[in-house]
Amino acid sequence: MELRNWAGNIRFSTDRVHHPETVGQVQEIVRKSRQVRVLGSRHSFNAIADSTGDLISLDRLQPVLEVDAQRQQITIDGGVTYGRLVPRIHAAGFALHNTASLPHITVAGACATATHGSGGRNGMLGSRVAAMEIVTADGTVRTISRADDGDRFAGAVVAFGGLGVVTRLTLDVSPTFDMYQVVYENLPLAQVEEHFDAIMSSGYSVSLFSDWRESRFNQAWIKTVAASKSSDAASAAPTFYGATRATTDVHPLPTLDPATCTPQMGVVGPWHERLPHFRSEFQPSYGEELQSEYFLPRAQAPAALRAIADIRGDVAPLLQMSEVRTIAADSLWMSPFYRRDCVALHFTWRYDWEGLKQLLPRIEERLAPFDARPHWGKLFTIPAPRLQARYERLPDFRALLESFDPHGIFRNTFLETFVFS
Ligand SMILES: Cc1cc2nc3c(=O)[nH]c(=O)nc-3n(C[C@H](O)[C@H](O)[C@H](O)COP(=O)(O)OP(=O)(O)OC[C@H]3O[C@@H](n4cnc5c(N)ncnc54)[C@H](O)[C@@H]3O)c2cc1C
């Protein structure tokens, strides 16, 4: 049976998927493979996870959850999804600092592509990785950690699966907390352009959604840490920079059922049921969709929004919904947030790659003056040399990959194109 990614737009070059249950079995598979890649939950929209040789899925790997309460760290297996993990972290009294919009993806896959949520003070998800256990190209198990490996570790977290099979991750956590979210509707673009910092700092995590049909954001989702179990949100203002507070739960796509979304209306609940937009027990988003996302310096957000607004007549027909988020800088070499606080301009597209092949270069051209970096796991058309010029640590990253994998068994066309070409 042919193997595809979640969106169905990528057909993998092989259907030879191994499902090891132990790290020993992973080592054996790697030793026997000439070309091998690891699969997460296959939610990326490009061929980043593809392989012409073997594929390894860690979905049957023995589950691990070790909690070090003193150090405020957890160690987990390389196959676990956020959906399976987060209730258990919460039950142990701890919290992750952030999540992506959906909990269906694996932690290892998310960290490998610099997946993020929102919040000006929140780094992307991989920014809290403290150590990784990796089965490397010769089948040996190596541990690489922030404490022992310094700068090299900063190259290892966002590595697109190029260092080997991540079988365990250690993450920093904090004591568990409660949150609530409030949604405002019809936020004028002019207000966002004028008050971008104030709007994006009005909660722990803020997301703005626009279909770009008009000069406004259809919704602003504001996620706030709750001081107590009783609803602090009762005091949330009825209006917000010209937008009005929603009177019922909403879905970012107005035609879809809000029951698939995490509770809103200021109802207090645990962090893992408020930080993602979508509930783990439902299929996320629309299903039939493609996605792109670009990251640029936060200070340039108003100008970048104006650049998109100027071509919204071309963007809107192919668009389901666009989302604007903010992400704090980190020091990870291949992270799009390397040493810069960013604004993220995300696009959930209709399933029309032919149309997007025309439109994406236009968007990328408009965002080029801001030195925009694309999401590694989504669709983009920026030529490799231009993209490579935006990553100053790329030569160090190449050297790191070569030292872990001298014969390139973990390389694929994506890595050859964007890292080694
Ligand atoms: C509906 C939807 C919503 C999304 N929302 C967001 C969002 O809110 N924010 C955001 O930033 N992104 C978002 N994404 C993108 C998504 O988070 C990334 O594409 C992420 O990488 C997917 O994780 P995955 O487990 O599916 O990894 P895959 O797509 O399967 O793999 C991604 C990469 O990770 C590598 N990898 C996976 N597991 C391992 C391992 N154990 N060891 C070594 N390498 C490994 C793979 O080889 C590959 O290179 C969304 C995607 C979808 C479909």
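Predicted model: local features only at pLDDT ≥ 70, side-chain atom pairs only at ≥ 80, totals over all residues.
Two strands pair if DSSP finds at least two bridges between them.

Figure 1. Strand β3 covers residues 54–57. Strand β1 (residues 17–18) runs parallel to β3, and two bridges join them. Within this pairing, His 18 stands opposite Ile 56 of β3. Strand β2 (residues 36–39) also pairs with β3 in the parallel sense, here over four bridges. Val 36 stands opposite Asp 54 of β3.

**Figure 2. The side chains of strand β3.** In a regular strand the side chains alternate between the two faces of the sheet. From β3, Asp 54 and Ile 56 point one way, whereas Leu 55 and Ser 57 point the other way. Are these residues buried or exposed? All of them are buried.

**Figure 3. Strand β19 within the protein chain.** Strand β19 spans residues 342–349. Why is β19 described as largely enclosed by the rest of the structure? Eight of its eight residues are buried, so the strand is largely enclosed; a residue counts as buried when its relative accessible area is under 20%. Cys 342, Ala 344, His 346 and Thr 348 point one way from β19. Val 343, Leu 345, Phe 347 and Trp 349 point the other way.

**Figure 4. The antiparallel partners of strand β19.** Strand β17, formed by residues 290–297, pairs with β19 in the antiparallel sense over eight bridges. In this pairing, the bridge partner of Phe 295 is Ala 344 in β19. Strand β18, formed by residues 319–327, likewise pairs with β19 in the antiparallel sense, over eight bridges. Here the bridge partner of Glu 323 is His 346 in β19.

**Figure 5. Asp 197 in helix α6.** Helix α6 comprises residues 196–200, and Asp 197 has its place there. At 46% relative accessibility, Asp 197 counts as partly exposed. How many residues along the chain lie between the positions of Asp 197 and Arg 298? The two are 101 residues apart along the chain, and their C-alpha atoms are separated by 8.7 Å.

**Figure 6. Ala 368 in the loop between α9 and β20.** Helix α9 takes in residues 353–367 and strand β20 residues 373–374, with Ala 368 in the loop between them. The relative accessibility of Ala 368 is 33%, and the residue counts as partly exposed. The C-alpha atoms of Ala 368 and Ala 304 are separated by 9.8 Å, while the two residues are 64 apart along the chain.

Figure 7. Along the principal axes, its C-alpha atoms fill a box of roughly 60 × 50 × 40 Å. Of the 421 residues, 58% count as buried. Among contacts between residues at least 6 apart in sequence, 73% join residues at least 24 apart. The accessible surface of the protein chain comes to about 16,600 Å², and 49% of that surface belongs to carbon and sulfur atoms. The chain carries 42 positive and 46 negative charges, whose mean positions are 1 Å apart.

Note on methods. Residues numbered from 1 in each chain as written. Heavy atoms only, no water. Buried < 20%, exposed > 50% of the residue type's maximum accessible area, 1.4 Å probe, protein only. Contact = heavy atoms within 4.5 Å. Areas by Shrake-Rupley, 256 points an atom, 1.4 Å probe, with all protein chains shown as cover. Lys, Arg positive; Asp, Glu negative; His and termini not counted. Charge placed at Lys NZ, Arg CZ, Asp CG, Glu CD.
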